Amino acid sequence: MLLTLYLIGITAEAMTGALAAGRLRMDLFGVVMVACVTAMGGGSIRDVLLGHYPLVWVAHPEYLALTAMAALVTTWVAPLMRRLRMLFLILDAMGLMVFTVIGVKVALDMGLAAPVAILSGLITGIFGGVIRDLLCNRVPLVFQKELYAVVSLGAACLYLLLLHWQSPVWLATAVTLAAGFMVRLLAIRYQWHLPRFHYNVPED
Amino acid sequence: MLLTLYLIGITAEAMTGALAAGRLRMDLFGVVMVACVTAMGGGSIRDVLLGHYPLVWVAHPEYLALTAMAALVTTWVAPLMRRLRMLFLILDAMGLMVFTVIGVKVALDMGLAAPVAILSGLITGIFGGVIRDLLCNRVPLVFQKELYAVVSLGAACLYLLLLHWQSPVWLATAVTLAAGFMVRLLAIRYQWHLPRFHYNVPED
Amino acid sequence: MLLTLYLIGITAEAMTGALAAGRLRMDLFGVVMVACVTAMGGGSIRDVLLGHYPLVWVAHPEYLALTAMAALVTTWVAPLMRRLRMLFLILDAMGLMVFTVIGVKVALDMGLAAPVAILSGLITGIFGGVIRDLLCNRVPLVFQKELYAVVSLGAACLYLLLLHWQSPVWLATAVTLAAGFMVRLLAIRYQWHLPRFHYNVPED
């Protein structure tokens, strides 16, 4: 079940990467690369930071084939993307939650402490998008837009709390996915966002 | 002693990250993320490149709590930052030196050769700022401004020389910190800088 | 032989890094840093992603001395670079091929599967340039310009095919280098490029 959701998640992330590449008029290679890095980048950074080898795509190169395919399909169906926008945001929200839960699980399986597990979930959830934005030469959206990273952070905490309260893993997973997914959709709907910090003194 | 200076150093680095985030009007999550990455990024890149696990913040997540706190405090005291500018530069210079010495120590403890230890000090000293600037979508300051990286490089060499001359570790540490700190402040005061390389032929 | 070509390759890559830094009027430290990262970055990212320690420049810091030297020499001979452009593109094409073959070899020596070996070759070939462009705050050229990454990809596949067909290693290496080199020069000459993906719907 989690695997199915994970595959949907990397597909959705790959599509966001492909669209960002298309806005910069990249060639097909660039589109595929940005898509793969967006989809697998969060998990890769997590694994490198935690020393958790082999990386997911080294063990399962077929996942990269899936994301590459998703990128190419995106270039064909792009004219429809506007109409599919809501579906797309829903898949992306699902991906965010699945990535977060997987990230927490990986850290727990390595025997790491709770705060590190929360960060592992957060990194897995958002850093694919951060690298996508770096490769596309823009300030990462996740540092500026409505609640996205914070939902990932909250979901990681909730998951740990549920396990701490002796919830079975499948239940903790299901509740976290459902709750985080809902909050994320509400955040989009009502444009919830964190306060911003303005600092206007120029560098000297 | 070195630990106290280290904590001051990551606090100062976190504040530079928070201010850079504020210039881009990031939200509070972005501010905290950029601050943490600025403070812990240099050491993390060093550890990943050298295969030195676990990373500092994995072993000590409480340091991340400190940098997150420093970032939030920065958003409150930002209006005062202008007047505190000199204090701030002093703390930053201290941080640069402490990071450099710690980077050299880590490499020596791993039994690596002197040139690698020097690079380890340099990477620890400056790469936090490099990632901060990447996340803020600008060319890294450290590649352009007055003597900063070179002071880190010189301090790493001095430290190794002192150890080579049989100086006890505490003395080598103290002398390196003091000398590097002084040179850095002089570089700011007199705007010492390296020659620049201008190349105007456009890419084709 | 492969080592000689490798040294020529990192020298050529260091020069592209130094020129990119000069376009941004970096100081000499920045020039040397960008050059070293361009030359050694692809291999470093490969090694970190595959968990292949120690990294090349940790085992051989003298290679970094070579790239640093190449960067400084570039700042002196820059006025001649225009006239040497063809020579430069040839050396760069050679570097791309050597990096690719070395990347494939590293993965095979680690016992990794064919698709991972191909990616290892690709990453080694192109990611030095990707980091160079990130540090210089621009969208990676390799995602936009004429056939470059695809030649690396094709060469990696050819090399594996030749080994699969029982070709001796020296022959597979020579044929791959020659074929990839030729295709790359033809791609430059006739400006072969992949189709681009335009997507004009703005982010909201």
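In which sense, right-handed or left-handed, does helix 2 of chain C cross helix 6 of chain C? The views below take up this crossing and further details. This is a predicted model, in which local features need pLDDT of at least 70, side-chain atom pairs count only at pLDDT 80 or more, and totals for chains, interfaces and linings use all residues. Residues are numbered from 1 along each chain as its sequence is written, chains are lettered from A and ligands numbered from 1 in the order in which they are written, and side-chain values use heavy atoms, with hydrogens and water left out.

**View 1. Helix 2 and helix 6 of chain C meet in a right-handed crossing.** Helices are DSSP runs (H or I, at least four residues), numbered from the N terminus. A crossing is right-handed if the near helix is turned clockwise from the far one by less than a right angle, and left-handed if anticlockwise. Helix 2 (residues 28–50) and helix 6 (residues 114–135) of chain C pack at an angle of about 140 degrees, with their axes 7 Å apart; axes are lines fitted to C-alpha atoms over the stretch in contact, and angles run from 0 to 180 degrees between N-to-C directions. Contact (heavy atoms within 4.5 Å) involves residues of helix 2 including C:Gly41, C:Gly42 and C:Gly43, and residues of helix 6 including C:Gly128 and C:Gly129.

**View 2. Helix 6 of chain B bends at B:Ile126.** The bend is about 45 degrees, taken as the angle between axes fitted to the seven residues ending at a residue and the seven starting there. Of the 22 residues, 19 are buried (under 20% relative accessible area, with a 1.4 Å probe and protein chains only). B:Asn137, which follows the helix, has a positive phi, near 60 degrees.

**View 3. C:Met94 lies in helix 5 of chain C.** This helix covers residues 85–109. With a relative accessible area of 21%, C:Met94 is partly exposed (between the buried limit of 20% and the exposed limit of 50%). Apart from neighbours within four places in sequence, C:Met94 contacts C:Leu5, C:Ile8 and C:Phe181. C:Leu185, 91 residues away along the chain, has its C-alpha atom 9.7 Å from that of C:Met94.

Terms used: Helix = DSSP H or I, 4+ residues; strand = E, 2+ residues; numbered from the N terminus.
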